Amino acid sequence: MSLFPTYNRFPFTIESGEGTVVRDDHGKEYLDFVSGIAVCNLGHRPSVVKKAIQDQMERVWHVSNLYQIPIQKEAAQLLTEAAGLDYAFFCNSGAEANEAAIKLARKHTGKDKIITFQQSFHGRTFATMSATGQEKVQEGFGALLPTFEHLPFNDTDAVLELNDDSVAAIMVEVVQGEGGVVEAEESFLQAIENKCAELGALLIIDEVQTGAGRTGTPFAFQHYGLSPDIITSAKGLGSGFPVGAMAGKAYLSESFSAGSHGSTFGGNPLSSAAVKATLSTIFNDQFLHEVNEKSSYFMKQLKENLENVQGVAEVRGKGLMIGIEVDEQAIDYVHKLREKGLLAVLAGPKVVRLLPPLTVSYEELDQAAEMLQTTLSKQSANLKL
Ligand SMILES: *Cc1c(COP(=O)(O)O)cnc(C)c1O
């Protein structure tokens with residue numbers, strides 16, 4: 001007995017990894033199209049991040065935010081410049097980044113209500129669990145925080161009908177990740193932005209999964225020309241070093257003054273070194289251009305290979321965040337794919353989610369497409385028996 005059984009774990013251990021390839025404790029190799037759930041966006045052990053952390057290791061690991069941390073400022077500049085925002089606050093996870101966003105929005109507006117959407121995922125702390133629009137995340141924990149309201153996702157009318165002057169913020173994922181790799185419609189997002197302006201509410205975009213280049217732009221909201229007041233980031237931000245961040249517009253700074261919010265570890269020199277090296281690699285036009293090229297290449301292959309396979313309902317996604325919706329339980333496919341040598345992850349019961357490193361090669365994409373085709377065709381044939 002050692003760990004609380006909060007995860008259903010696959011019965012194998014990944015002992016080492018390099019780039020897209022990981023190796024288990026029996027020496028079997030896999031293409032890792034999970035990337036620690038959109039964390040290892042530069043693949044496993046990227047040398048540029050490794051070197052930055054090693055260099056920082058030789059100087060100082062941790063100092064309190066009571067002191068100047070120049071490398072944290074550099075990381076913040078990379079983040080805010082790419083997002084078109086002004087200030088960043090560093091913490092240690094996606095949930096904490098969303099907590100910071102919720103606290104800031106409430107303090108700044110002096111209002112309490114946060115609107116989010118059904119099937120969203122925002123984290124597992126009390127506020128972010130209350131924000132999350134999935135009962136399975138909330139079950140058994142008693143009363144949730146009362147000031148969260150969930151509207152149906154992609155329901156523009158529901159947004160237009162909002163008429164409530166107690167709304168502090170609307171928080172949305174532009175591609176729902178855990179909720180099934182479901183993209184928001186542009187008109188829906190536009191309605192949210194307009195409604196925020198009308199109600200004097202802040203627009204918070206949860207980029208925890210979609211940020212750090214995952215969808216082919218630094219942040220996914222940039223596909224839609226939105227101008228969020230606040231964004232949150234984590235997962236891919238530190239290439240596996242645990243770190244989260246919230247970024248926002250300049251006028252919000254007076255509400256996050258000294259003593260109002262904090263984090264012991266947030267943005268310490270080691271994590272900031274990881275963020276700086278990660279973002280300076282990803283937030284580069286050529287790098288992101290290649291992500292988009294790989295995405296088009298892979299999506300085309302998947303659509304051609306899979307969309308006429310019985311049992312496959314849809315292939316969808318943005319950048320290298322891809323969902324394959326199937327008619328049966330997706331977990332069966334995930335197991336079969338693992339046996340074949342491809343790691344994939346669920347996004348709800350019926351979606352196989354693929355999150356390869358952004359550095360994945362065309363050859364690896366070909367291999368994955370081939371494994372997906374043979375496995376999904378065979379699997380749906382087996383299921384029909
Ligand atoms: C994973 C995720 C979170 C929570 O991040 P943690 O680091 O696990 O707290 C929040 N929002 C979205 C969209 C996520 O995908």
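**Strands, burial, core and backbone**

Analyst: Elements are DSSP runs numbered from the N terminus (helices H or I, at least four residues; strands E, at least two). The model is predicted, so local features need pLDDT of at least 70 and side-chain atom pairs pLDDT 80 or more, while totals for chains, interfaces and linings use all residues. Residue numbers run from 1 along each chain as its sequence is written, and side-chain values use heavy atoms, without hydrogens or water.

User: How many bridges join E2 to E3, and in which sense do they run?

Analyst: Pairing takes at least two bridges found by DSSP between two strands. Strand E2 (residues 21–24) and strand E3 (residues 29–32) have three, and they run antiparallel.

User: Which strands make up the sheet, and in what order?

Analyst: The order is E1-E2-E3-E15, four strands in an open sheet with mixed pairing. Strand E1 (14–18) and E15 are the edges. Each has a single partner strand, so one side of each lacks a neighbour in the sheet.

User: Now E11. Which way does each side chain point?

Analyst: The general idea is that side chains in a regular strand alternate between the two faces of the sheet. Strand E11 spans residues 230–233. Ile 230 and Thr 232 point one way; Ile 231 and Ser 233 point the other way. All are buried. Relative accessible area sets the class: buried is under 20%, exposed is over 50%, partly exposed is in between (1.4 Å probe, protein chains only).

User: Does E11 run parallel or antiparallel to E10, and what about E12?

Analyst: Take E10 first. Strand E10 (residues 202–206) runs parallel to E11, through three bridges. Within that pairing, Ile 204 has Ile 230 of E11 as its bridge partner. With E12, E11 pairs in the antiparallel sense, over four bridges. There, Met 246 in E12 is the residue opposite Thr 232.

User: How do I read the largest nonpolar core, and how many residues has it?

Analyst: Think of a linked set: buried Ala, Val, Leu, Ile, Met, Phe, Trp, Tyr and Cys residues, joined through side-chain atoms within 4.5 Å. Here the largest such core has 92 residues. Ile 192, Phe 298, Ile 324, Leu 354 and Leu 372 have the most contacts inside it. Helix H10 (residues 285–306) gives the largest share, seven residues.

User: Which domains contribute to this core?

Analyst: Domain bounds come from an automatic or database domain assignment. The core takes at least three residues from domain 1 (14–32 + 285–384) and at least three from domain 2 (47–282).

User: Last, the backbone. What is the phi of Ser 35, and what is the phi of Ile 37?

Analyst: Most residues other than glycine have a negative phi. Ser 35 is not a glycine, yet its phi is positive, about 55°. Ile 37 is not a glycine either, and its phi is positive at about 60°. Ser 35 sits in helix H1. Ile 37 is placed in helix H1 too.

User: Is Ser 35 buried or exposed? And where does Ile 37 fall?

Analyst: Ser 35 has 1% relative accessibility, so it counts as buried. Ile 37, with a relative accessible area of 27%, is partly exposed.
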